Amino acid sequence: MALFESGGGSSAQLLDAEVSGLDALDLPVPPRPTRGARVWAAAWPKLLAIAIAIFAWQVVVWSGWKEQSVLPGPRKVFPAFVDDWGTIWPASQTTLLRLGQGFAISLVLGMTLGALVARNKVLRAALGSMISGLQTMPSIAWFPLAIVLFGLKESAILFVVVLGAAPSIANGLIGGIDHIQPILLRAGRVMGARRWKEFRYVILPAALPSFVGGLKQAWAFAWRSLLAGEVVVLIANKPSLGHQLQVDKDNIAYPSMMAVMIAILVIGILIDSFIFSRAERAIRKRYGLIDEATQ
């Protein structure tokens, strides 16, 4: 009996030691950062990059590479930005309205084309390479044709924006659909998903990461196409950021010209930060690629 009790005591001690060893493997979960901390964590790298860029710009001005009348420094450009705000703001509204309209049309056309080509072998063979070819074609090359077809109207610039953005959206959706596991599609059909329901509840969610990447690329193409077109010609007699760039250049108002360039850069950063970066983060969270304990 004493031996049994001794053996039982040893077993209990061994079990306690093993359990305490397992407990030591548990790592403490840090508290979730506050909203202010998360905002600052996202903002300070951008602010630091902006500060470095401004400093580098000023260093180039100090170097004397170009006269300050040709290459003005931040001390001249930022006051010009404030002084020209009454011109920059209406021009920004016109440009952003055109961008929104063109991108919306591109989204509908690109999704439709991408869904049809990805799911139809005949269309894939006929149009797959053409879509990629349209994506690589410089958007500015479409402007002479757009002006011939539509004249100096809003439809001309929308035509160019759509041709610049829609192929990227289509290719993003095609690439996402191509990487869907066949077993997932079969499981959807077994559960009764057909046609529209299959696309809505199976195909699109599975292709979403690649599709959002295509949307981000399409926005970049649309933004460049739009600004290039506005620089070339004044459409519908409306002031725009691209046209204002050309006006300031012709008038040798280089601080004002660079102020418009800053406005274009800021718009691009804001759209990427508040739309596409958030969309990508939401998708990563949905797919379990973000550690919530550290966010």
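Which helices each supply at least two residues of the lining of the largest pocket? Helix 2 (35–62) and helix 11 (254–286) do. The views below start there.

The model is predicted: local features need pLDDT of at least 70, side-chain atom pairs count only at pLDDT 80 or more, and totals for chains, interfaces and linings use all residues. Residues are numbered from 1 along each chain as its sequence is written, and side-chain values use heavy atoms, with hydrogens and water left out.

**View 1. The largest pocket and its lining.** The largest pocket has a volume of about 1200 Å³. Of the 30 residues that line this pocket, A42, A43, K46, I269 and S273 are the closest to its centre. Helix 2 provides the largest share of the lining, 13 residues. By class, the lining has 20 nonpolar, four polar and six charged residues. (A pocket is an open set of points on a 1 Å grid over the protein atoms alone, where a 1.4 Å probe fits, with protein on both sides within 12 Å along at least five of seven lines; lining residues have an atom within 4 Å of a point. A volume is the space filled by probe spheres set on the points, which are joined across faces, edges and corners. Ala, Val, Leu, Ile, Met, Phe, Trp, Tyr, Cys and Pro count as nonpolar, Asp, Glu, Lys and Arg as charged, and the others, Gly among them, as polar. Helices are DSSP runs of H or I, at least four residues, numbered from the N terminus.)

**View 2. The second largest pocket.** This pocket has a volume of about 160 Å³. Its lining is L99, G100, F103, V212, L215, W219, I271, I275, F276 and A279. Helix 4 (85–119), helix 9 (196–232) and helix 11 each supply at least two of the lining residues. Helix 11 gives the most, with four. Nine lining residues are nonpolar, one is polar and none is charged.

**View 3. Helix 4 against helix 11.** The two helices pack at an angle of about 45°, with their axes 12 Å apart. (Axes are lines fitted to C-alpha atoms, for helices over the stretch in contact; angles run from 0 to 180 degrees between N-to-C directions.) Helix 4 and helix 11 are therefore oblique to each other. (Angles under 35 degrees count as roughly parallel, over 145 as roughly antiparallel, 65 to 115 as roughly perpendicular and the rest as oblique.) Helix 4 passes helix 11 in a right-handed crossing. (A crossing is right-handed if the near helix is turned clockwise from the far one by less than a right angle, and left-handed if anticlockwise.) I88, S92, L96, L99 and F103 of helix 4 meet A259, V260, A263, I267, I271 and F276 of helix 11. (Contact means heavy atoms within 4.5 Å.) Ten of these residues are nonpolar, one is polar and none is charged.

**View 4. Helix 10 against helix 11.** The axes of helix 10 (residues 241–250) and helix 11 come within 8 Å and cross at roughly 160°. The pair is therefore roughly antiparallel. The crossing is left-handed. Helix 10 makes the contact through L241, Q244, L245, D248 and K249, and helix 11 through Y254, S256, M257, V260, M261, I264 and I267.

**View 5. Helix 5 against helix 7.** Helix 5 (residues 121–136) and helix 7 (residues 154–178) pack at about 130°, with axes 8 Å apart. They are therefore oblique to each other. Helix 5 passes helix 7 in a left-handed crossing. The contact includes R124 and I131 of helix 5 and L163 and P167 of helix 7. By class, it has six nonpolar, four polar and two charged residues.
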